[in-house]
Structure formats: structure tokens, C-alpha cells
Amino acid sequence: MSCARAGTGRTLLKLSPLLVPLALLFAGGLALAVAQSLGYMLPFDYHGGRFDAYANLLTERCIKSAALSLYVAVVSAGLSVAVGSVLAYGIWRLPERLERAAIVYKVPLILPHIAVAFIVLIFWSKSGVVSAAAYHAGLVASIDQFPSVLFSGNGLGMILAYTYKEIPFTILLAYAVLKRMDPQLVTTASMLGASEPRVFLRVVLPHMAKTLHTTFIILFLYSFGAFDIPFLLGESTPGMLSIEVYNLYFRRELADRPTAMAILTCMFLFSLFFIWLYTRVAKQMQPRERKL
Amino acid sequence: MFFQARGLTRRYGGTPVLRDVTFDVKQGEMVSIIGPSGAGKTTLLKLIAGLERPDEGALRFDTTPTRENPVILVFQDYVLFPNMTVFDNVAFGLRSRRIAKSEIRRRVMDVLDYFGLADKADQYPNELSGGQRQRVAIGRGLVVNPMMLLLDEPFANLDRNLKLQTAEFIRETQRTFGVTTLSVTHDLEEAFVMSDRIGLIMDGELVQYGRSKDIYFNPVHDEAARFLGPLNILEGEALRLVSDGPTGRVAVRPEALGLTVDENGPGIIAEAVFAGHFTRFAVDIGGERIVVYGNGPGLVPGARVSVRILDELIKKGTV
């Protein structure tokens, strides 16, 4: 018993370079956010009720903001995983010399999110490259007639930026999985008469499924909570939750800080719930993946 | 002729892997292509399956293979879909053809019944033995009514004691389903057991193609003969001491020689190795050391023996 305890102690000691910052920064930050959302440890005298900040979240503005965040995160993560997995399969099927050239897909990975946001602005704003090209091609009579892709209230600009950045991330992970797949599986499926879509859906996709689920969770949670792209490409009403938090914390009254912290606490709890729900549903939907 | 290969040549990076391979397969026939590793057997199979194109030559089928009657290649590793049950694996080809569910179920269960796998229908490939996986792979190919079934090294992943049994099973299955089958293998005994005709590939060339016995007893040259099994090359004094018949240079297989204890015999047993259903003797005779298979009392190292080429095998043992 004492040996086991000593072993656990040694393991914790070895992990301490990771655990200590995590405990101080993450858990500490989380505890502070929860405390401030309940009116404790605030830099001013708090006179409200313990759950007033949470009650504030039930306003229409806040609910719309949450709905937009959810929508942008689901669509951008879903699109990225869907397109990325198909492209990864396409790259995997290329002849070897072209497969090496396809490394260009990694370029968006090294760009910071802020740079991607600017790229989307440059291309898709009313005065951007695409509208100018459409005007010169005669597709629109004037640049003003070009449809509002950005800031039109549907989060399309953010979705474009996220998918541009996240598709290569999906390719990177899915391609690594495909490199371990036996190409004869695809050959056999084709020989047995399966069409390309059927080969992809019934043979290739199940092989990538576990990785794609993880990828979706990572991308969803990032898009759900990120700040930089919504700051540049998001609308103000409704804004993404991260922008609402920023505004409440930095741009309004000190008294709004508990509400900002309540949003952050709810976002964290929702993220945990989402991971639990998604993995549970994915596990039930996915047939038993077996290795030969 | 059901299938014809004419002058097939395939090069990888300028190096020929197959050279001018020509042979025919009749409908319903079971053909095995044998040869040492790297001889070009699998390349030939890939050409016939349409996975690669020949640099020269042509493949001709009586009727062009279609989606309804395809050419199916069963890979050496069976390549079962790991995320599907045995039933789903076998049903995969039928589902790709949009056949009615009840029909798929009937046909799949018929095949699984035949292969003795009906009780494994809901199991996954990793829950099966090597032999069972192979049967699923063959069943998955047969259920789509193939024009031709190609088997790549069907015995490579099986235990030694299962190989012959599997060869007999493949032969029986091929006859039952009546599907024209071509396999490539380097397991000679199994190839002889299950094949109507055998082709011998060496260094990318089909050096011999014919009935199993003809290939075994009348190999085209010494190299082919040696690949097909142990061989004694007899000439001069050694040949005179074992036979009154042929002269010159004769190649004789160990099992084509008879060994009897003889106090005045010209041979001496130098070595005896027990090998199960026979004993392998090394016999010094006429200045040569030859190998003879046999069994019998008194056949021990040091014993004097006489050796004779068995009459019925003289011609067939001659190169």
C-alpha cells in the first residue's frame, strides 16, 4: 500500500511541470471565474444576488449570441471535417510524386488566425478581390451590388475563415490515419463493384472515423470560444459569446463583470457537456471498429 | 478459349518483370501459376485483375468482364473490411449492386452455409482464425458471381498442416461453383493437388505450362526440375549402376528410385534422415552422392544397397 502511494507520489512529482501550471492557471482561473460570477472576489463591493449574473444570461441578446456561436462552431467544424476528410482521401490516392507536391495544403496551418481573418477580409469584403473580379467579369453592375458575404448577420465571414484554417488541420490528421490504411481495402471494394462514394463512405470513412470525431470536437470547441476571428469578422448584434464577454469585461461597467464570468463558466460547462454528449452519440453510431 | 494471355510483358523502371507470357485458360478450369519469389507471379495476377496494364501484349476474355461478372482478386492477406461483420463483408459486393435485401440475405447465407461460417455471420474479422478469414474472402468474391477468381498466394498465411486441406477445399469449392480460377503460389504440393493445369514462371518467363504430372515429371530444364523438387542428375558410372536403360545424362527424382538392402550392392547409405512418412537417404554410388526416399528394414547408415530407377518412372524421370 505504502509502495503504491510512493509510486503515485513519484508520478505526480514527475508530472508536476505540467500539473502545477495547469492547477494554477487553468483550475485557478476557472475557480476565479466561478467565484466572480457568484459575486465573490470582485474588485468592487457587490450588492446583487448570488445568481443574478446567471439570470442575466437569459436575455434575448445573450441567447442569440449563444445560438450564433453554436451555429458558427457547428457549421465551420462540420464543413472543415467533411471537406478535409475528402481532400485527405484525394491526396492519399494521388501518385507518389503528386502526393509530395500536395504538401502545399499545409500553408494555412502556419498562418495565424488573425492573418486568415485579414485574407478573408481582403477577398470577400464589398471592396475585396472577389467583388472586384465579379465586377470586371461583368457578373455585377457595380461593386455595391456584390452580395454581403461579411457582416451580414449569418456569420459567413467567420465560417469562411475557420474553414480555410481548419480544413488543412483535418487533412493533416486524416491523412496520417490514411497512411496506415491498407490500399488493398480500396482496391478490393472497387473490385467488388462499389462506386467511389460507396468506397469512401463504407470503407475509408470508418477507418478515419475516430480521428474525425476527435478533430470535430477540437475544431468545434475552438470555433465556439475563439476571440480573434470574431473580433475582426464578427457582427456586433448578435456578437459571438467571446465578443460579448470581452465587451462586458473591458468595455462596460465593472458591475457587468459577474455576467462576463457567468458566460465563461457556462461556456466551460457546455464544452464539457458537449464532449460527453458527442462521444456518447459517436460511440453508439459507430460500428465496432476492428483491427485485423 | 475462355481466357487468353498473349505476349504479356511488364517492366518496372525499364527492368522487365514479366516477359512475353502466353497461356490459355479454359472455362471452369483451375490453373495455378507457380514459381520462386520475385518471379513475377503477383504482377501477372495484377495484370489479369486489371490493376495494372501490360507494357506489351494483350489479355482476351471470351466475354468482357463486367460489373455483373467481374474478375475478382483475393489478396494474400484476404483484406477483409475490419469494421464489418462476416455477413456485411460477404454482402458488400451485392449491396453495391443494389440487390433486394431478402435476396442479399439468401445469397450471403447460402455462401456462409457452404463455407461453414453461418454461425460466424455476426462476428468481426479479428475474431476469426486465418483459415476462416480466407473462406470469408473467397466467399465474398464468389457471391458476386465472378467471371474469374484470382487467388494470390492462398496458402501463405496458413499453418503447414492446414495448407493441403485448404487446397482440397479450394478445389472442391471451385468445382461446386464452377468458377474459372487462377492462383499464384509457391506452395508446390498444394498447387499440384488443386490444379488442372500448372504454369511455371521463372525470372519473368512462363517456362512451362501444362498438366500437373507433365510439369512435375517432364520439366523443361534442370532449373525448372530443381524448383519443382529434389533431383538427382545421373550420368556415367552412377547411371550404369542404377539402370540398364537410358544413357547419357538423366535427371531422376528421389521418389523415382528404389532402394534395397544388398550385401553386394554398389551403393552405401551415407546418411538417413527420418522425415515422417518417408526417410531421406543419401547414398554414395559410382562416385556420386544421390538422394533416395524410402522405408524398410536394414536401411541404415553404412549398409550396402542396390539402387534402381523404378521402371514405370524411367521415361518420366528423364530430362
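How are α12(A) and α13(A) oriented to each other, roughly parallel or roughly antiparallel? Let's find out, keeping in mind that this is a predicted model.

## A pair of helices in chain A

Start with helix α12 of chain A, which covers residues 241-251, and helix α13 of chain A, which covers residues 257-285. Their axes lie 8 Å apart, and the two helices pack at an angle of about 155 degrees. Angles over 145 degrees count as roughly antiparallel, and therefore α12(A) and α13(A) are roughly antiparallel to each other. Their crossing is left-handed.

Now look at the residues where the two helices meet. From α12(A) come L241(A), E244(A), V245(A), L248(A) and Y249(A). Facing them from α13(A) are R257(A), T259(A), A260(A), I263(A), L264(A) and M267(A). By type, this contact between α12(A) and α13(A) holds 8 nonpolar residues, 1 polar residue and 2 charged ones.

## Where chain A touches chain B

Next, turn to the two chains together. On chain A, 19 residues are in contact with 19 residues of chain B. Two helices of chain A, α9 (183-191) and α10 (196-225), each supply at least two residues to the side that touches chain B. The largest share of that side of chain A comes from α9(A), with 6 residues. Sorted by type, the residues on this side of chain A are 9 nonpolar, 4 polar and 6 charged.

## The domains of chain B

Finally, here is chain B. Its domain assignment gives domain 1, spanning 3-226, and domain 2, spanning 230-313. Taken over C-alpha atoms, the centres of domain 1 of chain B and domain 2 of chain B are separated by 39 Å.

Conventions. Residues numbered from 1 in each chain as written. Chains lettered and ligands numbered in written order. Predicted model: local features only at pLDDT ≥ 70, side-chain atom pairs only at ≥ 80, totals over all residues. Domains from an automatic or database assignment. Contact = placed C-beta atoms within 7 Å. Helix = DSSP H or I, 4+ residues; strand = E, 2+ residues; numbered from the N terminus. Nonpolar A, V, L, I, M, F, W, Y, C, P; charged D, E, K, R; others polar. Axes fitted to C-alpha atoms, helices over the stretch in contact; angles between N-to-C directions. Parallel < 35°, antiparallel > 145°, perpendicular 65-115°, else oblique. Left-handed = near helix turned anticlockwise from the far one by under 90°.
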